[in-house]
Amino acid sequence: MPPFAGMQQRPRNPYSSAEIDRASHERENEERMIELASSGAARFVPIDTEKNLVKTGGNPEAVFLQGMMARAVVNQADHHIFLGYVEGTPYFAVDVTGKDVPLKELGEFVDLRQVGALLFAREGSILAYARGMTYWHRRHRYCGVCGASTTVTRGGHVRRCTNESCKTEHFPRTDPAVIMLVHHGDKCLLGRSPHFPRGMHSTLAGFVEPGESFEDAVAREVYEEVRVHVKNVTYRSSQPWPFPASVMIGFHAEAESLDYDVNKSELEAARWMSRDDLKPENLPKDGSFFMPRRDSIARRLIEEWLGHEAGPSISG
Ligand SMILES: [Zn+2]
């Protein structure tokens, strides 16, 4: 049983892996890893570059490989990664990038973000986890300390340097990013990054730097982007975001005043929006202003501030 299964919690954000039992204690047992991977029960999640295999046409469904097909693919791949158990079934990720594997008729390799909101929550979590792990492996073939090649160990959760005088162990990395809804009285501040789709406005966000607490990062990022000082920074929820390697830590933060000044090197625009402005019937119909998609923590932070507690999240 996953360690969080019995935990009382508010609805989880999409891609949360609470239903996956990662069984991290089993990774060190190499015989067990081999036994699980070669058992007929095992399911394999194929990844090609950063794309997941999904059956499209109608409601998208994740494609998991098993049996003969799984064997054929695993034999071609450099390694596979133990993800854990879902209801007792072992799952592995397998990177097929550059391999000649006959998977085209089973589905299409797509960016998970295109279909994530339409998948069952648990499938989305497995695919996101598999994608994050294979992305890390592809970028850590060589030791960052001495430059020698690294080898895969502990079920694919460690890469160890092959240089006997180094032997540094490298672990999958996740870069924390803070994401915050800045509010003042009945207004919240939504901004536009130049990378957003046209018309989309969202919460502010940025990476945590070495030596910063999350709260420090919230205050710094808000000041950098809109020259606003914040107080009462309160944690709301978090969301795995392995696109390619982050976890988003979500906050509400109260602005000291309504004065702001957009830093154009960071943001294209920002504006205060009242609760009334954000009512669907009051939003412009010409596509010039819309909120982030419902599977994002950004949307949840906005919905919660609007008073819609369980808004965009998926409960399992
Ligand atoms: Zn090394």
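Two strands count as paired if DSSP finds at least two bridges between them, and the strands themselves (E, at least two residues), like the helices (H or I, at least four residues), are DSSP runs numbered from the N terminus. The structure shown is a predicted model, in which local features need pLDDT of at least 70, side-chain atom pairs count only at pLDDT 80 or more, and totals for chains, interfaces and linings use all residues. Residues are numbered from 1 along each chain as its sequence is written.

**View 1. The hairpin of β1 and β2.** Strands β1 and β2 form a hairpin with two residues between them, and T49 in the turn has a positive phi of about 45°. The two strands run antiparallel and are joined by two bridges, β1 covering residues 43-48 and β2 covering residues 51-55. In this pairing, D48 has K51 of β2 as its bridge partner.

**View 2. The pairing of β1 with β5.** Strand β1 is also joined to strand β5 (residues 89-95), here by five bridges, and these two strands run parallel. I47 has D95 in β5 as its bridge partner. Strands of a sheet pair through backbone hydrogen bonds, either parallel or antiparallel.

**View 3. The open sheet β7-β8-β9.** Three strands, in the order β7-β8-β9, form an open sheet with antiparallel pairing. Its edge strands are β7 (150-153) and β9 (169-170), each of which pairs on one side only. Four bridges join β7 to β8 (residues 158-161), and T153 stands opposite V158 in β8.

**View 4. The surroundings of T150.** T150, which lies in strand β7, counts as buried because it has 21 C-beta neighbours inside 10 Å; the cut-offs are 20 or more other C-beta atoms within 10 Å of its own for a buried residue, 12 or fewer for an exposed one, and partly exposed in between, with C-beta atoms placed from the backbone. The C-alpha atoms of T150 and C161 are separated by 4.2 Å, although the two residues are eleven residues apart along the chain. Leaving aside residues up to four places away in sequence, T150 touches several residues, among them H140, Y142, R160 and H170, where contact requires C-beta atoms, placed from the backbone, to lie within 7 Å.

**View 5. The contact between the two domains.** The domain assignment of the protein chain, whose bounds come from an automatic or database assignment, gives domain 1 (24-139) and domain 2 (175-306). Their contact takes nine residues from domain 1 and eight residues from domain 2. Helix α4 (residues 121-138) supplies five residues, the largest share of the side of domain 1 that touches domain 2.

How values were computed: Two residues are in contact if their C-beta atoms, placed from the backbone, lie within 7 Å.
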